[in-house]
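Here is a walk through some local features of one protein chain, with the cut-offs spelled out as they come up. Have the viewer open while you read.

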Amino acid sequence: LAGNSQDGIQTIGGFLARLAGRSDQEVMTYMTIPSTISGGPSIFQVRMGTGDILSSGDQADFLVAFYQHSYDAHINSLRPGGVLIYDTEYVTPDPEDRRFRSVGIPITGATVEAVGGSSKDKGKNLFVLGLITRILNLDVARVSGLITERFGGKSEDIVRNAMLAFDAGYGTPADNLRDCLYNLEAAPAPASGRPQVTIDGNLALTYGLIAAGVRHGAGYPITPWSSVMETLRTELSKYGGIFVQTEDELAAIGYALGFAYSGHLAITGSSGPGLSLKMEALGWAVMAEMPLIVINVQRGGPSTGMPTNVEQSDLLQALYGSHGDAPRVVLAPKDVEDCFYITLEAGRIAREYSTPVIILTDQALATRIEAFDEPDLPKLMVDPKPDLSPRGMDFIPYPIDRLTRHAPPGAFIETGKYPTVSGLEHTELGHPTGNSVLHAKMTAKRRDKLKALAETLPVPEVYGDTDGEVLVVGWGSTWGPIREAVKQLRAQGAKVGQVHLRHLHPLAPGLDAILSRFKKVLVVEMNDEGLYGYGQLATILRARYALPSIGSITKTDGLTFRISEIVDGVNSRLGRAGANGARA
C-alpha cells in the first residue's frame, strides 16, 4: 500500500493484520513513514497467509498505488505477474511495461461519490480496504466488525461514512477485477489451543513490562519509543503504578532510578539520541547496582539521523557508552512475540543481579504487527511488591564475595547500619572510599556478576547445518530474513547454519565451539562496516573469539534486510552465483 502518510494506509494495513490474527493466519507487516510533521510518501506492507511467515517478503503480489510517486518508487517491488491496482485520477502507468496485470480504478472519484466530497481524503483508505476484501475474498463480517471497533467511539456519522466507503470498494464492478481474484486457504487452529493476539512490537514490550512486575517508570517522547511511553502512562495507573513524562531525558532516568532506589523494578527508555543523554546516570546505576530496565528502540543515526527508519547502530553504545568500566546486561528480541517475553527475562535478571538491563529493539520491530499465541498471563505475572523484608545481622549491601541485595528505604536492618547509596566508589556497607585496592575489588565484583550470569545462559541454538561452509549470525529483527535466506541457501546445496543471539552482553557459553565448526562466519546487521570492515556485533565477536573467519554483511539504507540481499551476500563470500546469476 503506497501513498502519503495522510491517506491512512497504516489503518488499512492494521485492519488486514488484525483480521489475519483473528483468522488464525500468520501475518507480518512493515511500514515506512516520513519523519517530517508535514507528512509525505509512506508505505505499509502486509504479508499474510498460512504457514510460517518470518519476514515481510522481498516482492509484493499486489501493489496499490495512490499517486504517481507511489507507482514510480515502488513498481519494481512488485513481482512479475503481480497485480498493480492504481488510482486512475493520479497515476499513469507505463503502457509498455507488460510485467504485471494492471487494474485502474477511480479510487478518489468513487469514494467522493459514495461518501461526499468533504470526506474524500479520509475515505479512500476504507474504499481500498473494501476493494482488497473483495479481491482476497476476506471475511466481510469480520472486517466490518474491525471497522466498527476502530471508529465505534466516534460519532455515528463517522462510522456510517466509513462503512459507505468500505461498501463502495467492495462493490467495485467485477469486470475490473476478474483477472486478479484470490482466495486464502483456511488456516488450522493454533496447536496450543490458545487464541492469537495481533499487536506491534512496542505494545508487546509494554504488556511484557507489566507482566514482569514493572509499575513505575519515566520517559521523554522520541520516535519510535514514544508509543511505549504513551501506553505505560495509561496502563500503569490501572495496576496501582505511575509513569511520569518528564521534561527531558536526564530527568527521565533520574525519576526511574528514584523508583528503583525505593525498591521497585523501574523502566525508562528512549531511542538512540535519548540513550546518549542517559549515559551518565546509567553509570550511576551500575555503580549503585540498581535494578533497572532501559529500552532503546533503535533508529537511524547519528544525531537526529533518520527517526522513522531502522538501524542497529547502538550496540556499542549499549555495551560501552558510559565512562569508566560500567558493565551492564544487553538483550535483543528477535520478533514481536519475543518483545513480550524478553521483558520478563530482563526483569528477572535486573532483580536477581541488581543491575541495569538494556533491551535493544528497533524501529522495524516497534511498528511491525505480528500474530502469536496469547501468553498464559496468570502463570507469567510477577509480583510487583518491593522486598521490604527485614535484613538480618549478616546483611551487607555490597558484599565483595556474593551478589548485591539492595535494601530499599523502609526495610528493617537489624544491625542498625543502613547503607549509603551514591555514585562514589564504596565499601561493602556503601560508604564512600578512595581506597585503590577496594576499588579494584569492587570493579571486579561488578564485572564478575555478569560472568556468573553468562554461565546460566543457554547455549545458542543452531538452525540448519551444524557445521560446514557458512554460519550466518544475527541479532534483533534480522532473525526472520536470515532464517528464510538460510532455507534458500540450503536448498541451493550450500552447507549453511544460522545462530541468532538474544544475549548480547554477556555472550552465552558454547558460542566459540559453534563458530569454529564453520569455514566462514558472516554477521548480518544493519549498521556500518566501520573503518576496518566489520559491523558492530562482528567487531565484538572478533575481539572475543579471535577468529579470522568472522566477517560482515552490513547495510545502512534505513530499510530491513531483504532475503535476496542476504542470499547474495553469502553467495558472494562463497564465490557462488548470486540471485542475478553473476559470480562474485
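S303 sits in the loop between β11 and α11; helices (H or I, at least four residues) and strands (E, at least two) are DSSP runs, numbered from the N terminus. This is a predicted model, so local features need pLDDT of at least 70 and side-chain atom pairs count only at pLDDT 80 or more, while totals for chains, interfaces and linings use all residues. Residues are numbered from 1 along each chain as its sequence is written, and side-chain values use heavy atoms, with hydrogens and water left out.

S303 has a positive phi of about 50° although it is not a glycine. It is also exposed, at 60% relative accessible area. Here buried means under 20% relative accessible area, exposed over 50%, and partly exposed in between (1.4 Å probe, protein chains only). The loop between β11 (292-298) and α11 (315-320) also holds P302, and the peptide bond joining G301 and P302 is cis, with omega about 0°.

As background, most residues other than glycine have a negative phi, and most peptide bonds are trans.

Is S354 buried or exposed? With a relative accessible area of 4%, S354 is buried.

**The cavity**

S354 turns up again in the lining of the largest cavity, along with V286, E289, P327, T355, P356, R446 and K449. For the record, the search runs on a 1 Å grid over the protein atoms alone: a cavity is a set of points where a 1.4 Å probe fits but cannot get out, and lining residues have an atom within 4 Å of a point.

**Salt bridges**

Two of the lining residues, E289 and K449, also meet in a salt bridge. The rule asks for a side-chain nitrogen of Lys or Arg within 4 Å of a carboxyl oxygen of Asp or Glu, and the count comes to 25 salt bridges.

| Pair | N to O distance |
|---|---|
| K449 and E289 | 2.6 Å |
| K278 and E249 | 3.0 Å |
| D557 and K555 | 3.3 Å |

K278 belongs to helix α10 (residues 272-288) and E249 to helix α9 (residues 249-261), so the two ends of the bridge are 29 residues apart and the pair links distant parts of the chain. K278 is buried at 1% relative accessible area, and E249 counts as buried at 4%. K449 lies in helix α15 (residues 436-456), whereas E289 is in the loop between α10 and β11, so this pair ties together parts that are 160 residues apart in sequence. K449 and E289 are both buried. In the remaining pair of the table, D557 is partly exposed at 37%, while K555 counts as buried at 11%.

Salt bridges also join up into a network, whose members are D338, E345, R348, E352 and R502.

**A strand glycine and a surface patch**

G269 lies in strand β10 (residues 266-270) and is buried, with a relative accessible area of 0%. The C-alpha atoms of G269 and A252 are 8.3 Å apart in space, with the two residues 17 apart in sequence.

Which residues form a nonpolar patch on the surface? They are Y239, L377 and M381, with about 260 Å² of accessible area together. Patches are made of residues with over 30% relative accessible area and no salt bridge; like charges are joined within 9 Å, and nonpolar side chains (Val, Leu, Ile, Met, Phe, Trp, Tyr) within 5 Å. The areas come from the Shrake-Rupley method with a 1.4 Å probe, and for residues only the protein chains shown count as cover. Y239 itself is in the loop between α8 (226-235) and β9 (242-245), and is partly exposed, with a relative accessible area of 41%.

How values were computed
1 Å grid on protein atoms, 1.4 Å probe; cavity = no way out; pocket = protein on both sides within 12 Å on 5 of 7 lines; lining within 4 Å.
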